[in-house]
Amino acid sequence: MREGKKRGRLLVVSNRLPVSVVRRDGRIHYESSSGGLATALSSLGGFARQVWTGWSGLLHHLSEMAGAAEELGEALVVNPNDKDEVAGAIRAALEMDRGDQARRITAMQARLRRYDVHRWAGDFVDRLEAAVSVRRQMAASRMTAAARREIGRQYAGAGQRLLLLDYDGTLVRFREDPGMAAPDRGLAALLARLGGDPRSRVVIVSGRDRATLDRWLGGLPVDMVAEHGVWTRERGGEWRTPGPLRTDWMGEIRPIMEHFADRTPGAFVEEKERSLVWHFRRSDPALALLRASEMKDAVRRLAGSLGLDVVDGNRVVEIKTAGITKGRAATGWIEGGAPWDFILAAGDDATDEDLFAALPAQAWTIKVGMSPSRARVNVESCRELRALLGRLAGAASAGGSPSRKGGRAGARGAQGAGHA
Ligand SMILES: [Mg+2]
């Protein structure tokens, strides 16, 4: 606008252009838009020379932090805080072949037409109802005092008992730093008492690597499963593995996982002997879940041909050879160590669901945490589970000698070795 001798300049930023482009009779016509900020201010045109810049609507950038970025995969997704990336994406869009632009926009428009507001609202209500029904279900499976007493009664009366216990998030609470989760003295004492009872067999069924389990639990009277079933070790025995497992896929998968870890502050990749783990317990949860899901999508595209499983854990995603599960590992003890009069399994994440699924119906399966599970009962926390185990250990040692049922001399471990 003119003001004295100085000429000012009014810059209007609007997502709607002051003109619409229409094709009529095979010709292009420009018409004034019927709304929008730029149109409203066009009456100022008499005072200021107007210049506007717009684009055809075929170019498309989305912030990766916008929810739509997940739905509109054909858009150029940018991190809005990264100027270079934004500039690079604008350049890529401007130089993009028109046919490619049209293909992308057509796919996104088709998806938006399918996934309209009615569908979205319907989905929202469905999910809300599902959440309510899960809550009802969970309320029903909360461990009751009666269930606790029944577990205690069966345990005390059983001649041979098998306890299959996950470690992280089950016996010890979740730690930001996975290296900080070493057993405290109370836990070591508890496991020593449980495993020291000749009628009980305690198996720690973990996703941890075997070196860590050896260091932390090697001196205790327990059997161990490492890396979700890749390795098994009976008390006093050697580590065994079901067979040679390929690891050549790691070279292909690891860079993909690293790429997403680099873009997620706090996330990192751990290489175990037979698996790769993407940890995000130290990351911002919302960003990490988004990145984890993108990472899984990228890995899954290759996982099938490489014979891999992508498994969600508690703030970890693990990639490993397909078919190796905690459930399969537990089968060794269930079948090789029979007959058990009492089986109890406890765990806190998706990998433990395989374990629960592998057990006979009369087994007590306990999920630590109040989320949906195929376990028979849920307990709130590690502390609650440890209190239960403590009562079992205490009752067994205080209760004298419940029926020994002949000592079950034939009870053996997974690979046929006796109790150490
Ligand atoms: Mg766990």
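**Briefing: helix packing, cores and loops in a predicted model**

Helix α11 (residues 326–336) packs against α12 at an angle of about 35°, and their axes are 7 Å apart. Axes here are lines fitted to C-alpha atoms, for helices over the stretch in contact, and angles run from 0 to 180 degrees between N-to-C directions. This is a predicted model, in which local features need pLDDT of at least 70 and side-chain atom pairs count only at pLDDT 80 or more, while totals for chains, interfaces and linings use all residues. Residues are numbered from 1 along each chain as its sequence is written.

**Overall make-up**

- The protein has 13 helices and 18 strands, where helices (H or I, at least four residues) and strands (E, at least two) are DSSP runs numbered from the N terminus.
- Of the 420 residues in the protein, 31% are buried; a residue is buried if 20 or more other C-beta atoms, placed from the backbone, lie within 10 Å of its own.
- Among contacts between residues at least 6 apart in sequence, 56% join residues at least 24 apart; two residues are in contact if their C-beta atoms lie within 7 Å.

**Helix pair α11 and α12**

- The crossing of α11 with α12 is right-handed, meaning that the near helix is turned clockwise from the far one by less than a right angle.
- K326, G327 and A330 of α11 make the contact with T351, D352, D354, L355 and A357 of α12.
- By class, the contact of α11 with α12 has three nonpolar, two polar and three charged residues; Ala, Val, Leu, Ile, Met, Phe, Trp, Tyr, Cys and Pro count as nonpolar, Asp, Glu, Lys and Arg as charged, and the others, Gly among them, as polar.

**Helix pair α9 and α10**

- The axes of α9 (residues 250–262) and α10 (residues 285–306) come within 10 Å and cross at roughly 160°.
- α9 and α10 are therefore roughly antiparallel to each other, a label for angles over 145 degrees.
- The crossing of α9 and α10 is also right-handed.
- On the α9 side, E252, I253, I256, M257 and F260 meet R291, E294, M295, A298, V299 and L302 of α10.
- Eight nonpolar, no polar and three charged residues form this contact of α9 with α10.

**Nonpolar cores**

- The largest nonpolar core has 52 residues, of which L164, V203, I204, V205 and A345 touch the most other members; such a core is a set of buried Ala, Val, Leu, Ile, Met, Phe, Trp, Tyr and Cys residues joined through C-beta atoms within 7 Å.
- Helix α13 (residues 382–398) gives the largest share of this core, six residues.
- A second, separate core of 18 residues includes I253, A261, A288 and L308.
- Leaving out residues up to four places away in sequence, V205 touches L164, L165, D166, V225, K326, A329, A330 and L355.

**Buried loop residues**

- L359 lies in the loop between α12 (350–357) and β17 (364–368) and counts as buried, with 23 C-beta neighbours inside 10 Å.
- Residues up to four places away aside, L359 touches I334, I343, A345 and T365.
- Most residues other than glycine have a negative phi.
- H228, in the loop between β9 (223–226) and β10 (231–233), has a positive phi near 55° and is buried, with 29 other C-beta atoms within 10 Å.
- R315, in the loop between β14 (308–312) and β15 (316–321), has a positive phi near 55° and counts as buried, with 22 C-beta neighbours inside 10 Å.

Technical notes
Buried ≥ 20, exposed ≤ 12 C-beta atoms within 10 Å, placed from the backbone. Parallel < 35°, antiparallel > 145°, perpendicular 65-115°, else oblique.
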